[in-house]
Structures are given as structure tokens and as C-alpha cells.
Amino acid sequence: MPTIWYLEDNSRFFESLFFILSYFRELIVLIFYVLTTGVYLLLFYQSERKRYLTFYLNKIAADVQMVAEGERNSDDISIQPEFQVLAEGIQKIIASSEEAINEVKKAEQLKNELVTSVAHDLRSPLTSIIGYLDLINNDRYCNEVELRHYIQIIHDKTSSLHTLINDIFEYTYMQNQQVKLRKESINIEEMLNQLAVQSRMQLEEAKMEYRLYCTATDPIVVGDGGKLARVFENLIQNAIRYGSKGKYIDVGLSDTEKTVEIEIANYGQAISQLDLPHIFERFYRVEKSRSQFTGGSGLGLAIVKSIVDLHNGQIEVMSKMGRTAFTIKLLKK
């Protein structure tokens with residue numbers, strides 16, 4: 001009020017304004033109380049909203065703590081419209097954490113399985129080698145023929161052990177994401193013909209015939225020649241080992257504008273539909289006895305899959321009664 005009196009005494013404008021407003025005293029009082037009530041409600045709203053937000057933040061923090069302790073599921077976190085983005089972010093973090101934990105557990109399980117499989121496959125030939133060496137060391141053989149037989153067995157077991165160790169080394173090397181490929185232009189048709197020549201002795205021993213059918217007009221891909229040769233060599237050896245009863249190994253070569261497709265088929269016993277989804281897993285064998293006569297290290301197809309993946313290609317297998325075919329798609333340059 002002193003301020004109003006001062007303005008009225010020292011300003012003709014305010015004197016005139018207050019004179020006009022004096023005719024609307026009730027309206028002025030109403031406006032004053034409305035404004036006062038509005039300010040009070042605004043302050044009350046801000047205070048209550050702060051309490052509301054603080055309450056739900058504490059509730060979300062408590063829910064997250066319960067999720068961390070395993071007492072609740074991440075989907076059970078209370079979500080209010082104001083915290084939709086925050087809650088979604090927290091759920092993504094929790095999902096990522098759970099995925100990372102599962103990956104760590106899976107890696108640990110795979111490591112344990114790898115150690116178990118390697119220990120089993122190393123122990124078998126080593127046991128035989130030690131056993132026959134003990135026989136030789138203790139002169140427990142009848143004649144030189146039997147001695148040479150024991151030495152041949154030791155040689156075979158050592159070769160098998162050497163192959164297994166090389167396969168394990170190559171598989172672990174391929175799993176390293178920092179593997180660098182020596183990329184160059186490769187004619188797949190020439191490579192398959194060369195591998196056929198290199199496998200001629202084994203094909204003759206198995207009484208099998210290698211047949212190449214090529215409809216590709218430009219079978220050139222960019223990749224690491226040595227590693228791709230290992231892919232086709234493994235598949236051909238696999239076809240000889242398991243498809244000798246079929247007498248033929250048929251290799252089909254075709255291409256599209258962007259890819260070269262290679263199909264390697266044999267006509268031996270079909271692979272069970274239960275085994276097909278696991279055929280490229282390391283140490284997985286269709287023949288479960290782990291016999292040296294019916295299977296290799298169990299890493300051949302896993303190595304094949306790793307090399308194809310490194311080349312951004314695709315590999316799949318189809319097997320039905322009397323025919324098993326591996327199909328590889330590689331990108332052209």
C-alpha cells in the first residue's frame with residue numbers, strides 16, 4: 001500500500017489509473033485472489049510433482065536392485081509415462097547384461113567341452129603309443145615281423161595325433177577374429193581340377209570317380225587361395241571317407257552375377273536329420289564311436305565353416321536317402 005500511495009502522489013499516470021480502477025474494486029480483489037490462488041496451486045503442484053517423481057525414482061531404483069539380486073524379472077519394473085524412456089533404457093541395459101552373462105557362461109561351457117574333447121582325443125592315441133612302446137621296451141614281441149607291426153601302429157597313432165593337434169591349432173586360429181586373409185583372384189574351376197588330381201590316389205583306393213560339372217561363365221572369386229583349397233579338400237576327403245559305397249563324387253559349379261556356387265555331393269549313407277543341425281560344430285561326429293576308421297578329428301567341417309564365414313560366404317548341407325551334398329556360396333570380386 002505505501003508503494004501504491006507513492007505512485008499515486010508522484011505519477012499522474014498511476015493517479016489516473018488508480019482513479020479508473022477505483023470503480024472496479026470488487027473485480028480487483030477477485031483478480032488478486034485468483035492470482036494468489038493460482039500461484040499457490042502452481043507451487044503446490046510443483047512440490048507434489050517433485051515428491052511424485054522422487055517416489056517413483058526410488059521405486060525404480062528398488063526394482064532394479066531386486067532384479068540385480070535375482071528376485072524379480074526385468075519386465076516387472078514399474079513404468080510410468082514420465083519414466084518410459086528411462087525404464088526402456090534400464091531394461092536394455094539389463095538385457096545386455098544378461099546377454100553378456102549368458103555369453104560368458106556359454107564361452108565357459110564351450111571351453112570346458114573343448115578341453116574334455118581334446119583330452120579324450122589326445123588320450124586315446126597316447127595310451128596306445130605308450131602301450132606298444134612298453135611292449136617293445138620290454139622285448140615282448142615274438143619276431144621282427146611283430147616288432148615292425150608294433151612300430152607301424154605307433155606310426156599310425158602318431159600321425160593321427162599330429163593331425164589332431166594341427167586341426168585344433170587351425171580351428172582355434174580361425175576363431176580369432178583378427179585372422180587376416182591374403183586375398184587374390186581365384187579361379188574356382190582350376191582349383192577344383194587341381195584338387196581332383198591331388199586326390200587321385202585316394203579316389204583310386206576308394207574305387208571312386210570324381211566328376212565335375214561346370215556351367216559357370218565366370219567362376220572367379222576373391223579370397224585366400226590356401227584357405228579355400230583347405231575347404232574343398234576337407235569336403236572331398238569327407239566325401240571319400242563317407243561316400244565310398246556310392247562310387248562317385250559329383251562336383252557342380254555354377255555362378256550368378258554376384259556369387260559362385262559349388263556343390264560337392266557323394267552317394268553314401270545319408271546323414272540323420274537329427275545330426276544335420278550340428279554337422280558344423282567342432283568335435284561333432286555323425287559316427288559316435290570316435291573310431292579312427294570312421295572319423296577324423298571332428299574338426300574338419302568346423303574349420304570349413306570358419307573359413308567360409310571369414311570369406312563372408314555361406315555353406316549348407318542337405319542329405320537324403322543315398323545322397324549328401326554340401327553347397328558353398330562365395331562372393332565374386
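Let's start with helix H6, residues 188-198: H6 lies across E2, strand E4 (248-255), E5 and E7, and runs at about 170° to E2. Axes here are lines fitted to C-alpha atoms, for helices over the stretch in contact, and angles run from 0 to 180 degrees between N-to-C directions. Helices (H or I, at least four residues) and strands (E, at least two) are DSSP runs, numbered from the N terminus.

A word on the source. This is a predicted model: local features need pLDDT of at least 70, side-chain atom pairs count only at pLDDT 80 or more, and totals for chains, interfaces and linings use all residues. Residues are numbered from 1 along each chain as its sequence is written, and side-chain values use heavy atoms, with hydrogens and water left out.

Now the sheet. Five strands form an open sheet with mixed pairing, in the order E2-E4-E5-E7-E6. Two strands pair if DSSP finds at least two bridges between them. Which strands stand at the edges? Strand E2 (209-214) and E6 do; each has a single partner strand, so one side of each is left without a neighbour in the sheet. From one strand to the next, the twist averages 15°.

Look inside the sheet. E5 and E7 run antiparallel, joined by eight bridges. One example: Val 260 has Leu 330 in E7 as its bridge partner.

Val 317 is buried at 14% relative accessible area. Buried means under 20%, exposed over 50%, and partly exposed in between, with a 1.4 Å probe and protein chains only. What does Val 317 touch, beyond residues up to four places away in sequence? Leu 276, Ile 279, Phe 280, Thr 324, Ala 325 and Phe 326. Contact means heavy atoms within 4.5 Å. Thr 327 is ten residues from Val 317 in sequence, and 6.2 Å away in space, C-alpha to C-alpha.

On to aromatics. The structure holds seven aromatic pairs. Rings of Phe, Tyr and Trp (its six-membered ring) pair if their centres lie within 6.5 Å; planes under 30 degrees apart count as stacked, over 60 as edge-to-face, and the rest as tilted.

Take Tyr 132 and Tyr 150. Their pair is tilted, with 5.3 Å centre to centre and 50° between the planes. Tyr 132 sits in helix H4 (residues 84-137) and Tyr 150 in helix H5 (residues 144-175), so the pair ties together parts 18 residues apart in sequence. Tyr 132 is partly exposed at 25% relative accessibility. Tyr 150 is buried at 10% relative accessible area.

Phe 280 and Phe 326 pair edge-to-face: 6.2 Å centre to centre, 75° between the planes. Phe 280 is in the loop between strand E5 (259-266) and helix H9 (300-310), Phe 326 is in strand E7 (residues 323-331), and the two are 46 residues apart. Both are buried. Both also touch Val 317.

Elsewhere, ring pairs link Tyr 52, Phe 55 and Tyr 56 into a cluster.

Now Asp 224, in strand E3, residues 220-224. Is Asp 224 buried or exposed? Buried, with a relative accessible area of 8%. Neighbours within four places aside, its contacts are Leu 181, Arg 182, Lys 183, Ile 186 and His 311.

Last, cysteines. There are zero disulfides, a disulfide being a pair of cysteine sulfur atoms within 2.5 Å. Cys 142 is exposed at 71% relative accessibility. Cys 214 is partly exposed at 29%.
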